[in-house]
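Reader: I would like a close look at one part of this model. Please keep it brisk.

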Amino acid sequence: DALKLWMTLRVLGPDKLGEAFDVVIDLARDTHLLLERDDDIEVLHRPMLSTLLFRYRPVGVAEPKLLDDLNSAIRKMMMREGQALIAATREGGRYYLKFTLLNPDTTLMDIQAVLDLVRRYGQGWLQARSCEPEALIRLTEAN
């Protein structure tokens, strides 16, 4: 691990590395504001550095187990489709999606595109669940 840090400092230099870090911290702040403005997103906390925990929570869906299953399914579908990779974690026993922003070239538009995928997969999962029990079983088994 020390070699990675040494090599990064050697290649970029401390000033460039500091600038990249500032960009990522600013992006985390802007991402937090984007998440907070979205009625279908529950944000766990204000970011301290560059990690944000959130989950898709559409208006009218409040049951904790359902929200855990929904967000787990979203992550699995996104991984299976390969359009975006999003991390997850548990906090207070609940399942959350996680952005860990490290790339200074990431834009707020990139983040919005991932959130659009989260919403699309979430809506699809909920529709399958409410309309056709067999479709939900197939969808869940595929995950």
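Which residue in β4 is the bridge partner of leucine 53?

Author: The bridge partner of leucine 53 in β4 is lysine 98. First, some ground rules. This is a predicted model, where local features need pLDDT of at least 70 and side-chain atom pairs count only at pLDDT 80 or more, while totals for chains, interfaces and linings use all residues. Residues are numbered from 1 along each chain as its sequence is written, and side-chain values use heavy atoms, with hydrogens and water left out.

Now the strands around that pair. Helices (H or I, at least four residues) and strands (E, at least two) are DSSP runs, numbered from the N terminus. Four bridges join β2 to β4, residues 94-100. The two run antiparallel. Two strands count as paired if DSSP finds at least two bridges between them. In general, strands of a sheet pair through backbone hydrogen bonds, either parallel or antiparallel.

Step back to the sheet. It is open, with four strands in the order β1-β2-β4-β3. The pairing is antiparallel. β1 (41-43) and β3 (87-91) stand at the edges. Each has a single partner strand, so one side of each is left without a neighbour in the sheet. From one strand to the next, the twist averages 45°. Axes are lines fitted to C-alpha atoms, for helices over the stretch in contact, and angles run from 0 to 180 degrees between N-to-C directions.

Two helices lie across these strands. α2 lies across β2, β3 and β4 and runs at about 40° to β4. Contact here means heavy atoms within 4.5 Å.

β2 also holds a charged link to α2. The side chains of arginine 55 and aspartate 68 meet in a salt bridge, at 3.2 Å from N to O. A salt bridge is a side-chain nitrogen of Lys or Arg within 4 Å of a carboxyl oxygen of Asp or Glu. Aspartate 68 lies in α2 (residues 64-81) and arginine 55 in β2 (residues 51-56), so the pair ties together parts 13 residues apart in sequence. Aspartate 68 is buried, at 5% relative accessibility. Arginine 55 is buried too, with a relative accessible area of 5%. Buried means under 20% relative accessible area, exposed over 50%, and partly exposed in between (1.4 Å probe, protein chains only).
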